[in-house]
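The sequence and structure come next.

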Amino acid sequence: MKNLTIFSPNIYLDNFVNSFNKIFWDKNFFIDNSLTKINIKLDSKDILLNIKTIDTDTDTLIDLKKSLSNYYKSLNTKTKTIQNIILQKISKINMVVSITSTLENDINQNIFFELLKITKEINGIILIDSKKLLNYDGRLILDSRGNSDLINNQENLKSKT
């Protein structure tokens, strides 16, 4: 995987960096931390984290939330419940962490699973392949075809996303 995005309803910038440090403490990495960009070299892989919050990039986040809402409203979903929950989650986004690597497979399965742990810690959801929205357990909330792993578990959907 080359890139992914984590969305959080809260501004957990310090929590994110602390969680990243805790999870990757045994890896060879270097953090160059500025106000909204964190450059990380992890296991000889270049991974760039770009963090935007409602406080630092208000207009960008408002535009992003509009775009995401319009996209997910336009999908032909198998259930409107999931679509409505996603739209609620989007409306509450206050922090976005874009993670990009220089090579296609730099974000390998191990790194991805660790990023899911961080996503859970910051009460987030994650977008991969620009089309698949996942909960912090890595389960598909919704993809571009309207598919979801959570359709049969709608009673637990609100707490799992």
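## Helix packing

K65, L68, S69, Y72, K73 and S74 of α2 are in contact with Q83, I86, L87, I90 and S91 of α3, contact meaning heavy atoms within 4.5 Å. By class, five nonpolar, four polar and two charged residues make up the contact of α2 with α3. Ala, Val, Leu, Ile, Met, Phe, Trp, Tyr, Cys and Pro count as nonpolar, Asp, Glu, Lys and Arg as charged, and the others, including Gly, as polar.

Helix α2 spans residues 58-74 and helix α3 residues 80-91; they pack at an angle of about 175°, with axes 9 Å apart. The two are therefore roughly antiparallel, a term for angles over 145 degrees. Axes are lines fitted to C-alpha atoms, for helices over the stretch in contact, and angles run from 0 to 180 degrees between N-to-C directions. Helices (H or I, at least four residues) and strands (E, at least two) are DSSP runs, numbered from the N terminus.

## Basis of the values

This is a predicted model, in which local features need pLDDT of at least 70 and side-chain atom pairs count only at pLDDT 80 or more, while totals for chains, interfaces and linings use all residues. Residues are numbered from 1 along each chain as its sequence is written, and side-chain values use heavy atoms, with hydrogens and water left out.

## Nonpolar cores

A nonpolar core is a set of buried Ala, Val, Leu, Ile, Met, Phe, Trp, Tyr and Cys residues joined through side-chain atoms within 4.5 Å; buried means under 20% relative accessible area (1.4 Å probe, protein chains only). The largest such core has 22 residues, and L4, I6, F16, V97, I99 and I126 have the most contacts inside it. Two or more residues each come from β1 (3-8), α1 (13-23), β4 (45-53), β5 (95-101), α4 (109-121) and β6 (125-128). The most come from α4, which gives five.

Beyond its neighbours within four places in sequence, I126 is in contact with residues including L4, I6, F112, L116 and L133. A second, separate core has 18 residues, among them Y72, I82, V96 and I141.

## Salt bridge

The structure holds one salt bridge, defined as a side-chain nitrogen of Lys or Arg within 4 Å of a carboxyl oxygen of Asp or Glu. K117 forms a salt bridge with E114, with the closest N and O atoms 3.3 Å apart. Both residues lie in α4, three residues apart, about one turn of the helix.

## Contact across the sequence

N105 is in the loop between β5 and α4. N105 and M1 are 104 residues apart in sequence but 4.8 Å apart in space, C-alpha to C-alpha.

Technical notes. Parallel < 35°, antiparallel > 145°, perpendicular 65-115°, else oblique. Buried < 20%, exposed > 50% of the residue type's maximum accessible area, 1.4 Å probe, protein only.
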